[in-house]
Amino acid sequence: MLALLDAWLIAPLDYGFMQRALVAGLALSLAAPPLGVFLMLRGMSLIGDAMAHAILPGVALGFLAAGFSLPMMSLGGILSGLLIAVLAGSVSQMTGHREDSAMASFFLISLAAGVMLVSMGGSSVDLTHVLFGSILAVDSTALVLIAGISSLIVVILAVIFRALVVECLDPLFLRGQGVRGGLIHGIFLGLVVLNLTAGFQTLGTLMAVGLMMLPATTARFWSQRLEGLIAIAIAIALVSSTGGLLISYHLSLPSGPAIILLAGAGYVLSALFGRHHSLAARLRRHAMPLGAADHDGA
């Protein structure tokens with residue numbers, strides 16, 4: 001038994017590329033899920049997906065300028081993501097359209113522009129690398145960048161945590177306290193862009209948002225408290241990153257999709273058997289006598 005556990009859990013970590021991939025996955029798993037929880041609570045779950053595509057043109061320009069240079073590609077992604085966020089917000093304010101519709105429009109433009117830029121300057125292999133990433137290809141420079149960005153996100157999130165919670169639940173109260181809700185919202189979107197930029201090297205621009213949103217939406221089936229949502233989402237992301245990485249190693253599968261599919265499996269199982277709002281919870285509630293169901297709901 002111990003030999004089997006050693007072969008499955010310990011032996012793969014003898015390789016340097018697996019150690020770097022594991023640390024990168026764990027760093028992203030600590031920073032991304034809290035952002036996903038706040039996106040979900042603000043009704044902005046699809047904004048994360050749109051922002052993931054918004055960084056693509058900048059990543060493509062960084063690639064064209066310096067090849068597979070993670071600092072240049074990350075810098076381009078950050079600038080592109082922030083520019084798209086500002087443009088979407090500006091169009092929404094000037095036209096009165098909802099911000100999510102403006103973001104969806106810029107997301108499509110960004111995706112097309114990014115694919116066009118990479119196709120003009122690289123091969124289909126380059127395009128695949130940018131779109132889908134490769135966590136096993138993380139080198140020491142990329143690892144330092146991912147760990148640094150993830151740490152910065154956690155620190156800033158801790159500093160603005162109270163204001164962010166109040167801005168989600170009662171923006172008027174926050175404004176009454178003299179704090180500008182727009183500033184908190186802007187900082188939060190900036191953190192989302194930073195996280196997606198750190199994640200594209202490992203999961204690609206198309207799947208980087210998966211480690212942010214899937215654990216957050218899964219946690220909703222197990223807790224109704226903010227602290228519980230964040231803790232459970234982080235735990236799910238940690239298990240998905242580690243488990244997906246080991247599964248991909250032993251079964252010779254692509255590592256990024258394995259991580260996201262494992263998180264997706266957790267979501268499906270939680271939707272069926274979770275404590276709150278799941279299919280099983282609804283069946284239990286219907287099976288209860290009327291008075292007991294009311295007491296349970298209270």
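How many of the ten residues of helix 3 are buried? Seven of them are, and that leaves helix 3, running over residues 45-54, mostly covered. The buried ones are Ile-47, Gly-48, Ala-50, Met-51, Ala-52, His-53 and Ala-54. Keep in mind as you look around that this is a predicted model.

Let's stay with the inside for a moment and turn to empty space. Rolling a probe the size of a water molecule over the atoms shows where such space is left. Here there's one cavity of 30 Å³ or more, and the largest cavity holds about 30 Å³. To find it, pick out Leu-28, Ala-32, Asn-195, Gly-199, Leu-203, Ala-208 and Leu-211, which line it. Two helices each bring at least two residues to that lining: helix 2 (16-41) and helix 11 (181-207). Helix 11 gives the most, with three residues.

Leu-28 is a handy landmark here. This lining residue sits in helix 2, and it counts as buried because its relative accessibility is 4%, with the cut-off for buried set at under 20%.

A nonpolar patch on the surface is formed by Met-1, Leu-2, Leu-4, Leu-5, Trp-8, Leu-9, Ile-10, Leu-251 and Leu-253, and together they show about 950 Å² of accessible area. Helix 1 (residues 2-10) supplies the largest share of the patch, six residues. Met-1 itself lies in the segment before helix 1. With a relative accessibility of 74%, Met-1 counts as exposed, since the term needs over 50%.

Two of the patch members, Leu-251 and Leu-253, lead us to Ser-252, which is found in the loop between helix 13 (226-251) and helix 14 (255-273). The backbone does something worth a look at this spot: phi of Ser-252 is near 55 degrees, a positive value in a residue other than glycine. Ser-252 is exposed too, with a relative accessible area of 66%.

Follow helix 14 onward and there's another case of this kind. His-277, in the loop between helix 14 and helix 15 (279-287), has a positive phi of about 65 degrees, although it isn't a glycine. So is His-277 buried, partly exposed or exposed? At 48% relative accessibility, His-277 counts as partly exposed, because exposed would take over 50%.

Definitions and conventions
Residues numbered from 1 in each chain as written. Predicted model: local features only at pLDDT ≥ 70, side-chain atom pairs only at ≥ 80, totals over all residues. Heavy atoms only, no water. 1 Å grid on protein atoms, 1.4 Å probe; cavity = no way out; pocket = protein on both sides within 12 Å on 5 of 7 lines; lining within 4 Å. Points joined across faces, edges and corners; volume = space filled by probe spheres on them. Helix = DSSP H or I, 4+ residues; strand = E, 2+ residues; numbered from the N terminus. Patch = residues over 30% accessible without salt bridge, like charges linked within 9 Å, V, L, I, M, F, W, Y side chains within 5 Å. Areas by Shrake-Rupley, 256 points an atom, 1.4 Å probe, with all protein chains shown as cover. Salt bridge = Lys/Arg side-chain N within 4 Å of Asp/Glu carboxyl O. Buried < 20%, exposed > 50% of the residue type's maximum accessible area, 1.4 Å probe, protein only.
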